[in-house]
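Hi,

Here is the structure we talked about. Please open it alongside this email and read on below.

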Amino acid sequence: MTATDKPKIGIYGFTGCAGDQLLIIHTEDEILNLFGAANIQSFVMASSNPIEENLDVAFIEGSISTKEEIEHLHELRKRAKILVAMGNCAVNGGPQAMYTGDGGYEKRLKKVYGEGVKFMTDPLEAKPIDAYVDVDYYLPGCPISQPQTFALISRLIHGAIPEPYPHPVCHECKLNENRCLLLDETFCIGPLTLGGCGSACPNHDVSCVGCWGPNEDGNFGQHIKLLESFGIPKEEIMRRIRGFGGSKIIKFIEDGGK
Amino acid sequence: MPSKKKITIEPLARVEGHGGIKVEITDNKISNVEVRILEGPRLFEELVVGKTPQEDLNIVPRICAICNLSHKYAALRGLEKAVGVSVDSTTKLFRELMHHGEMIESHSLHIYFLALPDFLGYDNAVAMADKYGDTVTKALQLKKFGNKIMRMMGGRMIHGENPIIGGFGKLPTKEALTEIKGEALELLEFAIATINLLGGLEIPDHMERETQFLCCKPPGEEYGYYGDILITSDGEEHPVENYKNVIKERVVSHSFAKRGQYNGKPFTVGALARVLLNGKRLKGKAKEAYDQLVTDRWYRNPLFNNHAQAIEQVYSLEGIIETVNQLLASEDAEIAQPTQESGIGTGVVEAPRGTLIHHYEVKDGKITAADFITPTAMFLDDIEAFIRTGGEQLLAKNQLDNIELQFEMIARAYDPCISCSAHIVEVVFK
């Protein structure tokens, strides 16, 4: 294959910690192969002189948090055949979206920046990218997982259809034969959280904090009741459930509360 | 008519996060330099208010992926002071091991993958592989080793939750520690070879100017990456609790930014500051590297930050070997518990790119106020000052070829972390 007929890929970062792009850079065993198998046109965290043309696949990390980012996102959507939301901030809005929609954004912004300033690009309350454009695939994670990422990239660059992974953290935690933290009445939201992390935190005897965002099949109502029965105040449970699900998780909490 | 020219470099490549540089030239003189932060604000200091210390620890490392464990560590140091937690010596050693891992991960990423392509004339490190295959392969090994320690101690390569208030969820086995020590010994040779590689590079001098340096003073007589005292290149020492009087925030008309200055002037933080202020404390091969590389030019030239990071790679590999030896002879660690529900604490560590401050006020088990000052917030002014001096020198000598690259190299040398400084958005006053 020559460089011209290889699939054209762009990797972009909006507002976030850059952990998903970093994870790709940190795939020491795969990064050279990736640059060999695909034509990486734009990946500014790793390389200078990006080529901004039409793309086969655009991977987008980060939430949309400024007006300029909306414009850039629309422009990427126009020239990408396939657009992938990469990582929790792009999929759900990330931790910066934990209060999105509560009406307190302006107040928080003023508290950090003070009064009477005009920004060069208007700051916006953090939202996931599907608040503004159609997304073809979601690659969740905080950060994304290497096996899932390379399975997705391989399928997309070879024209195969990626498979969904609709399993909660608990599924992986059981496979890892961990003792369930809930048996010891310890706070854990593995049942409500999308898996793929390999139950990274319960493997270390620490609770799942929900960083991959909501698992659609999670029984939110029953799990909140279970945590309450441990003596954890409802206010604290709700606060902790909302850490990484942005405003998308509200729907699940409300449905579960019925 | 004055002649006016504008150089805009956007996006600034091979740095973490989304930024740019704008330089304006009027009548062959630099009239304006702006290092621009183009990411949206995330308001982390407000997000953690009302939360418990443990919840804070889950959230704040998300400020930055590259130095996520430095954020965790600074938060731990601040929060543990606030709620009266005193960890045992074994836990302290494990935290040092964790921090060494992050230094190697971050420094190796920066030296070989973000900075070195400039010096060798490539767009990226992968393109270097044809001619410098051995260096790229070994650099990947070194980075992987740093990541392995971060995974082992952090619980995951990026954003693990294993470090908790008072200790760790789970600790590595003696076998795993012994394996780490063996790998550190093997990699030391490459880290030393890197000292020779960087020592042979020609370093441009157009930007050279005097600046100030700031970093933590490690406890005892050792080199290290944390402390409760800030030291500055004027010889002063400041308790970290006074950080607000040391690092003054500055607001200018073209750019509203929580930018730090010391004594009303820009300053440098990071490996260069640490090596220049604490380098006399280095031992072993790291001391030999220090003696081999450090010259008077280091005080005036930020490009030597790359070299200082290379010295710290050697120091951290030797540090891992020594720390593992101590851990193998240590008693088991216990998880220490809070002794109070309310208090104030300032935690400071050296993140790979410089001094990182997390300050907390906790009342009845919940955070009521938080303040984070990141290294990138501290050194943006210094980058601008060096770009200005460099630009003036290059204009005076009419060396305008590749002037953008010269500016980018200055910015990249600091290893800026734009995610960390995302509450520094360029703004214009009405």
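Below are notes on the aromatic pairs, then on charges over rings, then on the contact between the chains.

First, a caution: this is a predicted model.

**Aromatic pairs**

Searching the whole structure gives 12 aromatic pairs over all chains. Two of them, both in chain B, are described here.

Take Y122(B) and Y132(B). Their ring centres are 6.4 Å apart and their planes stand at 90°, so this pair is edge-to-face. Y122(B) sits in the loop between α4 (89-120) and α5 (125-128) of chain B. Y132(B) sits in the loop between α5 and α6 (133-154) of chain B. The pair therefore ties together parts that are 10 residues apart in sequence.

Next, F379(B) and Y414(B). Here the ring centres are 4.9 Å apart and the planes are at 45°, so the pair counts as tilted. F379(B) belongs to helix α12 (residues 375-396) of chain B. Y414(B) lies in the loop between α13 (403-413) and β15 (427-429) of chain B. This pair ties together parts that are 35 residues apart in sequence. F379(B) is buried, with 0% relative accessibility. Y414(B) is buried as well, at 3%.

Chain B also holds an aromatic cluster made of Y223(B), Y225(B) and Y315(B).

**Charges over rings**

Two cases in chain A are worth a look. R240(A) puts its charged end over the ring of F187(A), 3.8 Å from the ring's centre. K251(A) lies over the face of F252(A), 4.7 Å from the ring centre.

**Between the chains**

On the chain B side, 67 residues are in contact with 58 residues of chain A. The buried area between the two chains is about 5500 Å². Carbon and sulfur atoms give 64% of that area. Within chain B, L43(B), E46(B) and R156(B) lose the most area to chain A. Together they account for 10% of what that side buries.

There are 3 salt bridges between chain B and chain A. One of the residues involved is E46(B), which forms a salt bridge with K111(A), the closest N and O atoms being 3.9 Å apart. Polar contacts link 18 residue pairs between the chains.

Which elements of chain B supply the side that touches chain A? At least two residues each come from α1 (44-47), α2 (53-59), α4, α6, β10 (256-261) and β15. The largest share, 6 residues, comes from α6(B).

Best wishes

Terms used
Residues numbered from 1 in each chain as written. Chains lettered and ligands numbered in written order. Predicted model: local features only at pLDDT ≥ 70, side-chain atom pairs only at ≥ 80, totals over all residues. Heavy atoms only, no water. Phe/Tyr/Trp six-rings, centres within 6.5 Å; stacked < 30°, edge-to-face > 60°. Helix = DSSP H or I, 4+ residues; strand = E, 2+ residues; numbered from the N terminus. Buried < 20%, exposed > 50% of the residue type's maximum accessible area, 1.4 Å probe, protein only. Lys NZ or Arg CZ within 6 Å of the ring centre and 35° of its normal. Contact = heavy atoms within 4.5 Å. Buried area = accessible area lost by both parts, 1.4 Å probe. Salt bridge = Lys/Arg side-chain N within 4 Å of Asp/Glu carboxyl O. Polar contact = N/O pair within 3.5 Å; in protein donor to acceptor, adjacent residues only side chain to side chain.
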